[in-house]
Amino acid sequence: MQRPPTTQEFVLGELRRSIVSGELAPGQPIRQDSIAQGLGVSRVPLREALKTLEAEGQVVYQPHRGYSVAELSLSDLLEVYRMRELLEAEAAAVATERFTDTDLARITDAQQDVERAADDGDLVAMIAANRRFHFALLEPSGMPRLLRVVRTLWDATDAYRAVYYNSDANRTRVRHEHDGIVAAAKNRRADDLVRLLDEHRRHAVDALRGTITSEVD
């Protein structure tokens, strides 16, 4: 049985959801009193959650002004995705040699959850399912230290993923690319899996370049 979240974990999850959904938009000040009251918590777990988000680069703190949601930054996105490229390639190559039928079932289940969320137009659910899909591919590598770093990189870019998934064309592309990734995993083709994951990330970055630039402008 999954243990219930602590108050801090609950608050952190709600803040992540608000950022991903756009309820808290890039550059928007975070009104701690209002959020704490809305969540029915004190400001102590809220402050701790904000410190976690600040370390991930999702919020920024300015003296005398407090916290605000981080602005989208193309340079930050490029750096994070370059780091993901290096780390995930290693994990995917090792994982491919270790996939069990249970692992492949988890990957397929997560893929189907992505598709259902896409059909429903539920971006928050799609982002969560997409994360399960990718980590189902990587976790069989048995490299927990590497994956802790990868998770931090994913946490830092959920807001970008929300922008990307806001397009019907991008959601369709994601589903098509996932089909190829699953086929490579099922056939234990490490080179193909690494290549397809690289292309998957590159397409997202290419699509976001103009969007992020436009929003900043």
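Where is the place of Arg173? Arg173 is in helix 9. The model described here is predicted.

## Arg173 and its surroundings

Arg173 has a relative accessible area of 37% and is therefore partly exposed. Leaving out residues up to four places away in sequence, Arg173 touches Tyr164 and His203. Val149 is 24 residues from Arg173 along the chain, and the C-alpha atoms of the two are separated by 27 Å.

## Helix 8 and its tyrosines

One of the contacts of Arg173, Tyr164, belongs to helix 8, where Tyr164 is among the buried residues. Helix 8 spans residues 158-165 and is mostly covered, with 7 of its 8 residues buried. The buried residues of helix 8 are Asp158, Ala159, Tyr160, Arg161, Ala162, Tyr164 and Tyr165.

In the whole structure, a search finds 3 aromatic pairs. Tyr164 and Tyr165 form an aromatic pair with a tilted arrangement: the distance is 5.9 Å centre to centre, and there is an angle of 40° between the planes. Tyr164 is classed as buried because its relative accessible area is 4%, and buried means under 20%. Tyr165 also counts as buried, at 2% relative accessibility.

## Packing of helix 5 against helix 9

Helix 9, the place of Arg173, covers residues 168-186 and packs with helix 5, residues 101-120. The angle between the two is about 170°, and their axes are 11 Å apart. Helix 5 is therefore roughly antiparallel to helix 9, as angles over 145 degrees count as such.

Which residues of helix 5 meet helix 9? They are Leu104, Ile107, Thr108, Gln111, Val114, Glu115, Ala118 and Asp119. From helix 9, the residues in this contact are Arg171, Arg175, His178, Asp179, Val182, Ala185 and Lys186. In an α-helix there are 3.6 residues a turn, so residues three or four places apart point the same way.

Not counting residues up to four places away in sequence, Thr108 touches Val182 and Lys186. Both of these partners are in helix 9.

Asp119 is also in helix 5 and meets helix 9 as part of the contact between the two helices. Asp119 counts as exposed because its relative accessibility is 56%, and exposed means over 50%. Asp119 and Thr7 are 112 residues apart in sequence, and their C-alpha atoms are 32 Å apart in space.

## The annotated domain

UniProt, in an unreviewed entry, places the feature "domain: HTH gntR-type" at residues 5-72. This span is 54% helix and 12% strand, and its end C-alpha atoms lie 29 Å apart.

Val41 is found in the loop between helix 2 (32-39) and helix 3 (43-56). Not counting residues up to four places away in sequence, Val41 touches Thr7, Phe10, Val11 and Ala36. One of these, Val11, is 30 residues from Val41 in sequence, with a C-alpha to C-alpha distance of 8.2 Å.

Ser68 is found in strand 2, residues 66-69. At 12% relative accessibility, Ser68 counts as buried. Leaving aside its neighbours within four places in sequence, Ser68 is in contact with Gly27, Gln28, Pro29, Ile30, Val59 and Val60.

## Two loop residues with positive phi

His64 lies in the loop between strand 1 (59-62) and strand 2. Although His64 is not a glycine, its phi is positive, at about 70°. The relative accessible area of His64 is 84%, so His64 is exposed.

Arg188 lies in the loop between helix 9 and helix 10 (190-216). Phi of Arg188 is near 55°, again a positive value in a residue other than glycine. With a relative accessible area of 38%, Arg188 is partly exposed.

Notes
Residues are numbered from 1 along each chain as its sequence is written. This is a predicted model: local features need pLDDT of at least 70, side-chain atom pairs count only at pLDDT 80 or more; totals for chains, interfaces and linings use all residues. Side-chain values use heavy atoms; hydrogens and water are left out. UniProt positions are given in the numbering used here, feature names are shortened, and annotations may be inferred rather than shown by experiment. Helices (H or I, at least four residues) and strands (E, at least two) are DSSP runs, numbered from the N terminus. Buried means under 20% relative accessible area, exposed over 50%, partly exposed in between (1.4 Å probe, protein chains only). Rings of Phe, Tyr and Trp (its six-membered ring) pair if their centres lie within 6.5 Å; planes under 30 degrees apart count as stacked, over 60 as edge-to-face and the rest as tilted. Axes are lines fitted to C-alpha atoms, for helices over the stretch in contact, and angles run from 0 to 180 degrees between N-to-C directions. Angles under 35 degrees count as roughly parallel, over 145 as roughly antiparallel, 65 to 115 as roughly perpendicular and the rest as oblique. Contact means heavy atoms within 4.5 Å.
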